[in-house]
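Please read the points below with the model open beside you. They are written for someone who is new to reading protein structures, and each one takes up a single topic.

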Amino acid sequence: SSVAIDKRQERESALAGMYISGDSLVKTFGLKIVDGRDFLPQDFVEINENENRELPKTILITKPLADKLWPGQSAVGKTMYFGTGEDAQGTQVVGVVERLQTAHTEVGERGDFSVQVPARLYGNPGALYAVRTEPGQRDRVIKEAEEALRKSSATPMILQTKTTEEDRKDRYRADVALSWMLITVSVLLLLITASGIVGMASLWVTQRRKQIGVRRALGARRADILRYFVTENFMITSAGVFGGLLLGVALNQLLVSKLEMARLPLGYLVAGGVVFWLLGVIAVYGPAWRAASTSPALATRSA
């Protein structure tokens, strides 16, 4: 749902996931309250979804959402609106929890923009229950919960029972597959880059064969020839890495300013630069060693 700090705003302040529960999610999910309080029994209201769409007057929000709406201030006691305009409904923040991931599992700070609403909904033919157990007791509690639900109704119908691990695995299945695909593509690109470096280094060795022979004849050691090619390739790789880092930072800054995307951690850029530096040194080592092993007589021989 879209939320705002003033219903007269033209645009919402943020988009937040909503958890509507007739009991304390702080206790069920083991959340940590960092400001304010949990819901009191009188905060919970009963809402017939077929007749009433009015929300309760109190809510709990997450700290990332509180910092987004009221940076540097306490959110407790503030009024937050669902939507904007004359029809926007205002509710009072009575507590702030450290974090609660949205049900839509967004990435970045938006993944913790959540709101808890104290309401018992009825009117629709169905309900969703969340159960938390002590370690090692989950399977037993699941069976007991199913039995209790069947006894509570003359015509029980349990559609699905799922653990959080199963739900998480299903939700992130596509993301995991995409991650492995990107890893595979990245490895292939690194191999192609290494092959290109090896090819270019081999070409440089062939073109400067006589120069290598002359240097060897004048007393250059194998280590000198090897160091020359490695240093040359390191300088070329450094120029490419610095250029790539600057372009990466500039492009990320553009995306952050125009599309409000997350800022790319500089650690990733530094790690990528180090990988390409190492790749450049390792890839040129083979051709450089062959160049250093070339005898002066063979290298200076005319074609």
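The numbered points below go from the basis of the model to its cores, strands, surface and salt bridges.

1. This is a predicted model, in which local features need pLDDT of at least 70 and side-chain atom pairs count only at pLDDT 80 or more, while totals for chains, interfaces and linings use all residues. Residues are numbered from 1 along each chain as its sequence is written, and side-chain values use heavy atoms, with hydrogens and water left out.

2. The largest nonpolar core has 20 residues, and those with the most contacts inside it are V3, I59, I61, L65, M80, V93 and V115. Such a core is a set of buried Ala, Val, Leu, Ile, Met, Phe, Trp, Tyr and Cys residues joined through side-chain atoms within 4.5 Å; buried means under 20% relative accessible area, exposed means over 50%, and partly exposed lies in between (1.4 Å probe, protein chains only). Two or more residues of this core come from each of strand 6 (58-62), helix 2 (63-69), strand 7 (79-82), strand 8 (89-97) and strand 9 (114-122), where helices (H or I, at least four residues) and strands (E, at least two) are DSSP runs numbered from the N terminus. A second, separate core of 13 residues includes I225, F229, V284 and A288.

3. Which residues does V93 contact, once its neighbours within four places in sequence are left aside? They are I59, I61, W70, A75, V76, G77, K78 and M80, contact being heavy atoms within 4.5 Å.

4. Strand 7 pairs with strand 8 in the antiparallel sense over 4 bridges, and strand 1 (residues 2-4) also runs antiparallel to strand 7, joined to it by 2 bridges; two strands count as paired if DSSP finds at least two bridges between them. The bridge partner of A4 is Y81 in strand 7, whereas F82 has Q89 in strand 8 as its partner. The hairpin of strand 7 and strand 8 has 6 residues between the strands, and in this hairpin G83 takes a positive phi near 85°.

5. L15, in strand 2 (residues 14-15), counts as exposed because its relative accessibility is 54%.

6. A nonpolar patch on the surface is formed by V176, W180, I183, V187, L188 and L191, with about 590 Å² of accessible area together. Patches are made of residues with over 30% relative accessible area and no salt bridge, like charges being joined within 9 Å and nonpolar side chains (Val, Leu, Ile, Met, Phe, Trp, Tyr) within 5 Å; accessible areas come from the Shrake-Rupley method with a 1.4 Å probe, and for residues only the protein chains shown count as cover. L188 lies in helix 5 (residues 173-207) and is partly exposed, at 46% relative accessibility.

7. The whole structure holds 15 salt bridges, each being a side-chain nitrogen of Lys or Arg within 4 Å of a carboxyl oxygen of Asp or Glu. One of them joins R138 and E165 (2.7 Å, N to O), and this pair links distant parts of the chain, with R138 in helix 3 (residues 138-151) and E165 in helix 4 (residues 164-171), 27 residues apart. Another joins R221 to D224, the closest N and O atoms being 3.3 Å apart; R221 is exposed at 53% relative accessibility, whereas D224 is buried at 15%. Salt bridges that share partners also join K162, D167, D170 and R173 into one network.
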